[in-house]
Amino acid sequence: MKKLFLFTVALLLLAVIFSAGCVGSNNQDTGKSDYTPVTVENFGRTITITEKPTSVAVAGPNCAEVFVALGLSDIVVGKSCDNHCLGPLPEYAAGYNSMPELTHGYPTLEAVVTSGCDFLYAIDWVFEGDFTVEALEQYGITVYVCEATDYEGVWKEIRELGEIFEVQDAAEAYIASEKARIAAVEKTVSGQDTLKVFIYDSDTGSGVYTAGAPNIETKFIETAGGVNIFDDLDKAWVGVSYEEILARNPDVIIIHDYEEATYEENVEALMHDPILSQLDAVKNKRFVRLSLESALPGSRTAYSIEVIAKGMYPELF
């Protein structure tokens, strides 16, 4: 009788173990099938993500801050392009600073591949030389490029990242907050005289590197109540001569501040340049300081518009 009892107990235990194993297996299968594949158009390609990425590399301070904003900093295994960053915004600091640095400057193929990432989110201008989308894809890395040139492009990228990483609510909340802040600026500057604005990125030796029409910073200026004096140029970034700048004579100059060309150095150059010192904006010292990362699409849309608007119409804020 005792033997029969032990035998029965053993059978029951085996049944429980087998059942648990089946449930575990079924849960694993369900876990895989629970992810809804996401198909997006990005950087001239159609890409489909069939499994949620678990290890991410980011290239560009704006890209890094987007992942913090979406609550995804813990899956970022490395970041690049800190040489284009004077530091994250306070609300992004903890998550941003927790990300390991892959490269201080542009990312390299070796650094990204050896990071172990399965997904790269990068600003479009880092792709050069052997660092290409095609090369990265050969190593099984999904590449999503930050390429927005207007607000709708930014919202599209945020929403798609929300879908890919299953944080749609966080993405929509972020977009709603940005739109509300932008609307507040538009209401504040409504009815003001439109100011002519020049974007001073860096000196080229024969002129200045500035932003043209297909550049999101041009949109920032328009929303803040101004107009980019070079919005007729069809390049995102372009060199213009000193004489061209003088002929268009801006009311305000936005000066980019970053590691390789500081705000103070650029102001000094403007004040002592024989041609640019003749500008009304220089004579009146109408300068707006904007860190380079704030001129990039992604994490600082509302913030950048606020900074520009306050610099253009300080009496309203």
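Covering the buried residues of H2 are, among others, strand E3 (56-59), strand E4 (76-80), helix H3 (93-97), strand E6 (119-123), E7 and helix H6 (151-164). Contact here means heavy atoms within 4.5 Å, while helices (H or I, at least four residues) and strands (E, at least two) are DSSP runs, numbered from the N terminus. The model is predicted, so to speak of local features pLDDT must be at least 70, side-chain atom pairs count only at pLDDT 80 or more, and totals for chains, interfaces and linings use all residues. Residues are numbered from 1 along each chain as its sequence is written, and side-chain values use heavy atoms, with hydrogens and water left out.

**Exercise 1. Work out why H2 counts as largely enclosed, then follow the chain past its end.**

Step 1: Buried means under 20% relative accessible area, exposed over 50%, and partly exposed in between (1.4 Å probe, protein chains only).

Step 2: go through helix H2 (residues 61-69). Eight of its nine residues are buried, so the rest of the structure largely encloses this helix. The eight are Pro61, Asn62, Cys63, Ala64, Glu65, Val66, Phe67 and Val68.

Step 3: carry on past the helix. Gly71 follows H2 and has a positive phi, near 75 degrees. Ser73 sits in the loop between H2 and E4, and Ser73 is buried, with a relative accessible area of 19%. Skipping neighbours within four places in sequence, Ser73 is in contact with Phe67, Val68, Gly95 and Met99. Phe67 and Val68 are themselves among the buried residues of H2.

**Exercise 2. Which backbone oxygens lie 3.2 Å and 3.1 Å from a polar atom of the Thr103 side chain?**

Step 1: Thr103 is in strand E5 (residues 101-103) and counts as buried at 15% relative accessibility.

Step 2: find the partners. The backbone oxygen of Gly105 is the one at 3.2 Å, and the backbone oxygen of Tyr106 is the one at 3.1 Å.

Step 3: Leaving out neighbours within four places in sequence, Thr103 is in contact with Lys79, Ser80, Cys81, Thr108 and Ala111.

**Exercise 3. Is Tyr139 buried or exposed?**

Step 1: locate it. Tyr139 is in the loop between helix H5 (133-137) and strand E7 (142-146).

Step 2: read off the area. At 52% relative accessible area, Tyr139 is exposed.

Step 3: see what Tyr139 touches. Not counting residues up to four places away in sequence, Tyr139 touches Leu109 and Val113. Tyr139 and Leu109 are 30 residues apart in sequence and 10.0 Å apart in space, C-alpha to C-alpha.

**Exercise 4. Describe the two pockets listed by size, with their linings.**

Step 1: On a 1 Å grid over the protein atoms alone, a pocket is an open set of points where a 1.4 Å probe fits, with protein on both sides within 12 Å along at least five of seven lines; lining residues have an atom within 4 Å of a point. A volume is the space filled by probe spheres set on the points, which are joined across faces, edges and corners.

Step 2: take the largest pocket. About 220 Å³ of space lies in it, and its lining includes His84, Tyr106, Trp125, Asp201 and Glu260. Domain 1 (38-181) and domain 2 (191-312) each supply at least three lining residues; the bounds come from an automatic or database domain assignment.

Step 3: take the second largest pocket. About 170 Å³ of space lies in this one. Of its 14 lining residues, Asp124, Ala148, Ala236, Trp237 and Pro297 lie nearest its centre.

Definitions and conventions
Polar contact = N/O pair within 3.5 Å; in protein donor to acceptor, adjacent residues only side chain to side chain.
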